[in-house]
Amino acid sequence: MNSNFLVVGHDPGMTGALALLKGEELLDVHRVQKRGPRIDVYAVDAWLRWVLDEHGSIDALVIEDLHGFQANTPTANWMLSRAESAVVTVADLMGLPMMWVTPLRWQKAILQGMPVASREQIKDSSRKWASEKYPQTSAALSVKASQDIADAICIAEMGRRLLNRGRTQ
């Protein structure tokens, strides 16, 4: 079984991020950029094309599935949905294989044994896990504003584990 899958993890949101893993190596992280109030789909497209140019293919784009997530306001829900749709549309047009994982699923698998009783604990645990697994990220992940990057790394790891087990859902 191939343990060197090339996986992109996507934490959606207006301050979302993409993380690129090859096997257990973190190759790159990309904070999703905005163009005005919207996601810059051109920047997402350029980053994904760079990944394809450098590596030839992507085994899976793993997206945090927020269908059951309720943000604080209807506007926030709409913005999350819009941000996810922008990345999914670009990936779909490129023909990239995609899979979705719920927050609960990746948090249970990746943050096993870490405090996850509250949203704050989940955020702290996600940043701690990512910085321990990939020490080169520890300085960047020490600030709370880097939550999107930590989550994208965790989501990519979840996708890597699923592919290693032969699962795509």
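Is E132 buried or exposed? First, the cut-offs: buried means under 20% relative accessible area, exposed over 50%, and partly exposed in between (1.4 Å probe, protein chains only). Next, the value: E132 has 52% relative accessibility, so this residue counts as exposed.

Before you go on, note that this is a predicted model, where local features need pLDDT of at least 70 and side-chain atom pairs count only at pLDDT 80 or more, while totals for chains, interfaces and linings use all residues. Residues are numbered from 1 along each chain as its sequence is written, and side-chain values use heavy atoms, with hydrogens and water left out.

**Exercise 1.** Find the salt bridge partner of E132 and say where the two residues sit.

Step 1: recall that a salt bridge is a side-chain nitrogen of Lys or Arg within 4 Å of a carboxyl oxygen of Asp or Glu. Step 2: E132 pairs with K128, at 3.9 Å from N to O. Step 3: both belong to helix 4 and are four residues apart, about one turn of the helix. (Helices are DSSP runs of H or I with at least four residues, strands are E runs of at least two, and both are numbered from the N terminus.) Step 4: K128 is partly exposed, at 45%.

**Exercise 2.** Work out how D124 and R127 are placed.

Step 1: these two form a salt bridge, with the closest N and O atoms 2.8 Å apart. Step 2: they are three residues apart in helix 4, so about one helical turn separates them. Step 3: check the cover. D124 is partly exposed at 35%, whereas R127 is buried at 8%.

**Exercise 3.** Which parts of the chain does the pair E24 and K133 tie together?

Step 1: E24 and K133 form a salt bridge, and their closest N and O atoms are 2.7 Å apart. Step 2: E24 is in the loop between strand 2 (17-22) and strand 3 (25-31), and K133 is in helix 4 (residues 119-133), so the pair links parts 109 residues apart in sequence. Step 3: K133 is partly exposed, at 29%.

**Exercise 4.** Sum up the whole chain.

Step 1: count the elements, and you get six helices and seven strands. Step 2: count the salt bridges, which come to nine. Step 3: of the 169 residues, 50% count as buried.
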